Amino acid sequence: MTKLILRKLGWALVTIAFVLLLNFFLFRVMGDPTRLLKDPRLTQATIEAIRVRFGLDKPVINCFESLNPVKVSLQACAVNPFETQFSAYISNLLKGDLGVSFHSQRPVADLLGERLWNTILLIGAGQILAIIIGVTLGLFAAWKARTALDYTALIASLAAWSLPTFWLGILLLFWGSHYFGLPLGGKETIGSGLAGWGRLVDISKHLLLPTLTFTLVFIGEYMLIMRSTVLDVLSEDYILTAKAKGLTTFQILKDHALRNAMLPIVTIVALNLGFTVAGAIQIETVFSWPGLGLTIFEAVGRRDYPVLQGAFLLLAVSVVLANVIADLLYTFLDPRVRLG
Amino acid sequence: MQGFWQAFKRNRMGVVGLSMIVLTIFIAIFAPLLAPYNPKERVRVTLDSIYARPSSEHWFGTDDAGKDVLSNFIYGARVSLTVGFFASFISVVIGGAIGLIAGFFGGRIENLLMRFTDIVLVIPDLPLAVVLVALTKPSLMNIIIVIGILGWTGTARLVRSQTISVKERKFVLRAKAIGAHPLYILRKHIFPLVLPLMVANTVLVISLAILNESALAFLGLGDPSTLSWGQMLNFAFTRGAMSSGAWWALLVPGLGIVWLVLGCTLLGQGFQQILNPRLESHHLQKSEMIALEAANG
């Protein structure tokens, strides 16, 4: 058991190391990030200062002056390995320093820290609702397999799966703002001066449509997984036994079907994290919800590479960590693995 | 093959999906004949022609530049189909090769390849695609390559598991026993049996590629020289369709994406039902006995 956990943690570390390398080399192979700074307000001296600040005047990694264009030099080989851009990148990361935004000149770590919680709030609310509704629908669809209810639910979830997330968001935004007077975006009404309860209501109003979008996008998948798992479970012989013992349908569904089908749901939640992040980027962009996704969108538009790099790193590492947690949870929940 | 086609014709989902895709391909090919206006043509923009309501002249209204939405929509089908087919081709070739090699050779090679697949699988696709396209030039070619090289992990896992199950069949073991070359076995015996599942999977990869392209375009990372459905939505959304109440500019391109993706999803589901028939009845159903009797009698 301990060995299993250690092995899983080990692989998570390897994955994170891969993400760190990818994040570093992507932004170097594609060129010196400051080369892309085209803001006329920046003087040559400022750009040079930024280069020194980020250590971009040093060789990328030993023997390589730069990776785009590839410049190899003996002089760069002689450099102390702790004086390269790569070592600076790693040591800054260890200090929690993600660099400074080109756009706002603020530390990237602070920017992302502010917005992380908004994303967690949005994803959390959307996922919890989607899981509860999806699991319930899936259970009923499997129980009533091959009936009109089942087919309707099946077609509806396939259709929901085919909706581009951002488009569903746009439609809901259009509908909600035109007919129900819901806010057009943001996290709260700016300058409303609301506090306490009033502010909470205001934030909830802003959160309503993005959460609804999130929920609708993900219900279908949970429903489909739940349906197929429960179908498998219900054709097991122990269900026939339970029926023969005289258990009610409700008892069988609750104690046998639901319990056994929860394991795949945990796996799917973990596997879905990538899609969840993709959904967050799109939904936050549509609703101007100030989270990490909106940060990525804004950083792309402003060519703000330190922010883009930092946000990608944070998202990727969070997904890897969440996967490990789900994996360990799975190990813990499944008695075959836990005791075996 | 004959048997497959017979089974396919009876699968309603698959037939509906295939017709939806064929119709879209037809529209894309004959776009110049079907579109009432040429999107590349310069139009004189007046205040009235911006976000004009649907009328007999412009069935689906006009967009922010006074262009006919229906014509843009018809031409947009070309972009989505191009990206879908080429990107999924890249994905399926990479994923298929990795899956076949890992499944067939096993051992250390398999371990290494599948570990790599797991790592790529965990890294969230869309943020990485956004970073890659933002760092390169957002041309159609780059978008295809980026979506292609990020979308192969599912195929690799599927092909690997299918290869492993085929590898243990008797005729493969016999071929091995009489000394057939591994590459010969791979080509003649294993690949033909993995192929159907790969085709079914390809359709789903296409739908994902189309969704990814539209998301990238919506985020402002589309090819500026081609107008895809995602880009139409990006323009409408960022250029005031919401406040002008121009629902047509927001609705129509999205319907195209849904139509095509739904077609692929239905076709993929249909294929999977044929290739991998599941038990669709169980012990809590009243009809169970009837079904059993029907099966036996």
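**Chain contacts, helix packing and core of the predicted model**

In this predicted model, 40 residues of chain B are in contact with 43 residues of chain A. On the chain B side, five elements each supply at least two residues that touch chain A: helix 5 (107–122), helix 6 (125–135), helix 10 (182–221), helix 11 (229–238) and helix 13 (247–275). Helix 13 of chain B provides the largest share of this side, with 10 residues. Sorted by class, the side of chain B that touches chain A holds 28 nonpolar, 10 polar and two charged residues.

The largest nonpolar core comes next. This core has 152 residues, and the members with the most contacts inside it are A:Leu308, A:Ala311, B:Ala129 and B:Val130. Helix 10 of chain B gives the most to this core, contributing 19 residues. Leaving aside neighbours within four places in sequence, B:Val130 is in contact with A:Ile296 and A:Val300 from chain A, and with B:Leu216, B:Leu219 and B:Leu221 from chain B.

Within chain B, a helix pair is also worth a visit. Helix 4 (residues 69–105) and helix 8 (residues 153–167) of chain B pack at an angle of about 35 degrees, and their axes are 7 Å apart. The crossing of these two chain B helices is right-handed. From helix 4 of chain B, the residues that meet helix 8 include B:Ser91, B:Val92, B:Gly95, B:Gly96, B:Gly99 and B:Gly103. Among their counterparts in helix 8 of chain B are B:Thr153, B:Ala156, B:Arg157, B:Arg160, B:Ile164 and B:Lys167. By class, the contact of helix 4 with helix 8 of chain B has nine nonpolar, eight polar and three charged residues.

Finally, two loop residues of chain A deserve a glance at their backbone angles. A:Gln105 has phi near 60 degrees, a positive value in a residue other than glycine. This residue, A:Gln105, sits in the loop between helix 4 (85–94) and helix 5 (108–143) of chain A. A:Gln105 counts as exposed because it has 8 C-beta neighbours inside 10 Å, and the cut-off for exposed is 12 or fewer. A:Ser288, likewise not a glycine, has a positive phi, near 45 degrees. The place of A:Ser288 is the loop between helix 11 (273–287) and helix 12 (292–302) of chain A. With 18 other C-beta atoms within 10 Å, A:Ser288 is partly exposed.

Technical notes. Residues are numbered from 1 along each chain as its sequence is written. Chains are lettered from A and ligands numbered from 1 in the order in which they are written. This is a predicted model: local features need pLDDT of at least 70, side-chain atom pairs count only at pLDDT 80 or more; totals for chains, interfaces and linings use all residues. Two residues are in contact if their C-beta atoms, placed from the backbone, lie within 7 Å. Helices (H or I, at least four residues) and strands (E, at least two) are DSSP runs, numbered from the N terminus. Ala, Val, Leu, Ile, Met, Phe, Trp, Tyr, Cys and Pro count as nonpolar, Asp, Glu, Lys and Arg as charged, and the others, Gly among them, as polar. Axes are lines fitted to C-alpha atoms, for helices over the stretch in contact, and angles run from 0 to 180 degrees between N-to-C directions. A crossing is left-handed if the near helix is turned anticlockwise from the far one by less than a right angle, and right-handed if clockwise. A residue is buried if 20 or more other C-beta atoms lie within 10 Å of its own, exposed if 12 or fewer, and partly exposed in between; C-beta atoms are placed from the backbone. A nonpolar core is a set of buried Ala, Val, Leu, Ile, Met, Phe, Trp, Tyr and Cys residues joined through C-beta atoms within 7 Å.
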